[in-house]
Amino acid sequence: MKLLALGAPAALVSLLTLSMVTSNAPQVGYTDTPQLPGQEWKVHDAHRPPPPVVKPAEGANLGAPPPADALVLFGGKDASAWTAGGKECPWTIAGGAMEVNGGGSIETREHFGDMQLHLEWASPAKAESTSQGRGNSGVFLMGRYEIQILDSFENPTYSDGSAAALYGQFPPLVNVCRGPGEWQSYDIFFRAPRFDGDKLVAPALVTVLHNGVLVHNNQAFLGATRHRDLASYAAHAPTGPIGLQDHGNPVRFRNIWVRKL
Ligand code: MG
């Protein structure tokens, strides 16, 4: 009895110590990256809290049909709107989807500025690897401003690299990621940055729904997406391509359409 009575507080102390160590320990991410301007975090900050998890409604925004004034970029079979370095889209077209296959990132032949963009994506059904190695891809607006695609379902990573993050800048307000292999929707409302010569007049603004849930509300990009470095603006044309990233994981895409605004 005496041993047990002594043992209990000792076990409690070691449990408390363990939880303190756990909460203070760096999570996945970096501590040697630049400070984000206007935020208390660094780029890919290992200590930045993960976005709260919200379970999306069944089927939210999946299969959204294109309105009459939309340009269909991929309807299930024809990938001719897409190119990789001026050549034909190298991705695998099967089962009404196009799939990353190591052929390289792709982009639209047509260029866009202000836009409403709908797309659906699915990470691989077999969740392999961890963090940024699991179901990584991305949507590059104007070829520069990335909305991250990642299997963020029970997959810890640095918060500004989560699914639907403005990569390296702002995590999504909430984590609405479905499980591996499940189709998910992005609805992106984008205002292109404005330049006067070389000078930035207005930053790029974006509102994003992930599986029908608001995850960015008129958020300003800090600049063109960078890895482990601060985003910055460099003047560019008023339109640019929509890019989809080949990050080495077989992510699938379907039902992609855009409305010019
Ligand atoms: Mg990515």
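Let's start at the metal: along the chain, the donors of the magnesium ion follow the spacing N-S-x8-E-x1-Q-x96-Q. Donors here are N, O and S atoms within 2.8 Å of the metal (3.2 Å for Na, K and Ca), and water is not among the atoms, so sites may look incomplete. The ion is coordinated at 2.2 to 2.5 Å by Asn-136 (OD1), Ser-137 (O), Glu-146 (OE), Gln-148 (OE1) and Gln-245 (OE1). Ser-137 and Glu-146 are both buried, where buried means under 20% relative accessible area, exposed over 50% and partly exposed in between (1.4 Å probe, protein chains only).

A word on the source: this is a predicted model, in which local features need pLDDT of at least 70 and side-chain atom pairs count only at pLDDT 80 or more, while totals for chains, interfaces and linings use all residues. Residues are numbered from 1 along each chain as its sequence is written, and side-chain values use heavy atoms, with hydrogens and water left out.

Now for the rings. The structure holds nine aromatic pairs; rings of Phe, Tyr and Trp (its six-membered ring) pair if their centres lie within 6.5 Å, and planes under 30 degrees apart count as stacked, over 60 as edge-to-face and the rest as tilted. One of the pairs, Tyr-30 with Tyr-158, is tilted, at 5.8 Å centre to centre and 55 degrees between the planes. Tyr-30 counts as partly exposed because its relative accessibility is 22%, whereas Tyr-158, at 4%, counts as buried. Phe-195 and Tyr-233 have ring centres 6.3 Å apart and planes at 65 degrees, so this pair is edge-to-face. Both residues also belong to one aromatic cluster with Tyr-145, Phe-190 and Phe-221.
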